[in-house]
Amino acid sequence: MKPFCSHPDDVLWKFKIKDWFDEADPLARDILKLLAADEDLMNIERFKEILEADKPGEQADDITRTKWNKTQFFLLRLRLGFLYNVFKDIINHTYKSKKGKKRRPSLDDLVRDMVPKVRTIYKELRDAMKDSKAAMTVIDSFRNCSSFHYEDGSFRKALALIGSENGEMIVNPIELDLHSIVAYQVLDFIPRERISKDEVLKIKEEIELLQGKLHAFIFALFDEYFLTHSLKENIFSSEAPDSG
């Protein structure tokens, strides 16, 4: 089944966003952030599935293999970047007191008051983060070295390091198409502590474990939130894909 097609058991729920996620509720905001992160990560998995189906065979030429490999590496950059942001901005984030304003609770604080099932799955995620030191180090370093860096100063420093090396670009003037391989070649050197694809592959299982634990926690947390906040009562439309 294609990754973006509807499945037989899919149902489309419609509701007022404010009825589900109160802007003043820290738990509602954290759950919504986690759901956004989970959707980002799941979309990467869906695109990976499409990419894998289009993997070049042994007879493919160098340009075809280069295009495919760089696209795969792009998805890897996104995946590790999203994981970094989840761990830094949601899971590990603490909120400092502001003058005249009460500090909002962290996710740790919020989960502490939830049912045992949610606390247990959250502890499993926390333990996995603690035990996967190599993966956490690579996620942190990879994000800082290879993802989402477009600052002028960073590019200037990277070009000073790699400027004498050969760059690559695939050009199609008829289709007005560019594959700027050279951009990724430079990004790999921001900053100099370069992390290779081989290093990432060594901790692939740890990354898969972390993402799996994160997904399980998000599902359990939302399930409990859905039940305790009686969200089902606020659904005004529930349709199957083929209902018209």
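Leaving out neighbours within four places in sequence, Arg79 is in contact (heavy atoms within 4.5 Å) with Leu41, Ile44, Glu45, Lys48, Ile207, Glu208 and Gln211. This is a predicted model, in which local features need pLDDT of at least 70 and side-chain atom pairs count only at pLDDT 80 or more, while totals for chains, interfaces and linings use all residues. Residues are numbered from 1 along each chain as its sequence is written, and side-chain values use heavy atoms, with hydrogens and water left out.

- You will find Arg79 in helix α3.
- Arg79 counts as buried because its relative accessibility is 5%, and buried means under 20% relative accessible area with a 1.4 Å probe, protein chains only.
- The side chains of Arg79 and Glu208 are joined by a polar contact of 3.1 Å; such a contact is a pair of N or O atoms within 3.5 Å, where one must be able to donate a hydrogen and the other to accept it, and residues adjacent in sequence count only if both atoms are side-chain atoms.

**Helix α3**
- Helix α3 covers residues 62–91, and at 1.5 Å a residue its 30 residues should span 44 Å; the end C-alpha atoms are 42 Å apart, so the two values agree.
- That expected span is 1.5 Å times one less than the number of residues.
- Asp61 caps the N-terminal end of α3, with a side-chain oxygen 3.1 Å from the backbone nitrogen of Ile63.

**The whole protein**
- The protein has ten helices and four strands; these are DSSP runs numbered from the N terminus, with helices (H or I) of at least four residues and strands (E) of at least two.
- Starting at the N terminus, the elements run β-α-α-α-α-α-α-α-β-β-α-α-α-β.
- Of its 244 residues, 34% count as buried.

**Nonpolar cores**
- A nonpolar core is a set of buried Ala, Val, Leu, Ile, Met, Phe, Trp, Tyr and Cys residues joined through side-chain atoms within 4.5 Å.
- The largest one has 46 residues, of which Leu34, Phe87, Ile91, Leu214 and Phe217 touch the most other members.
- Several helices each supply at least two residues of this core, among them α2 (26–53), α3 and α5 (116–131).
- Helix α10 gives the most to this core, with ten residues.
- A second, separate core of five residues includes Ile44, Leu51, Trp68 and Leu78.
- Not counting residues up to four places away in sequence, Phe87 touches Asn92, His93, Met129, Met136, Ile139 and Leu210.

Methods. Buried means under 20% relative accessible area, exposed over 50%, partly exposed in between (1.4 Å probe, protein chains only).
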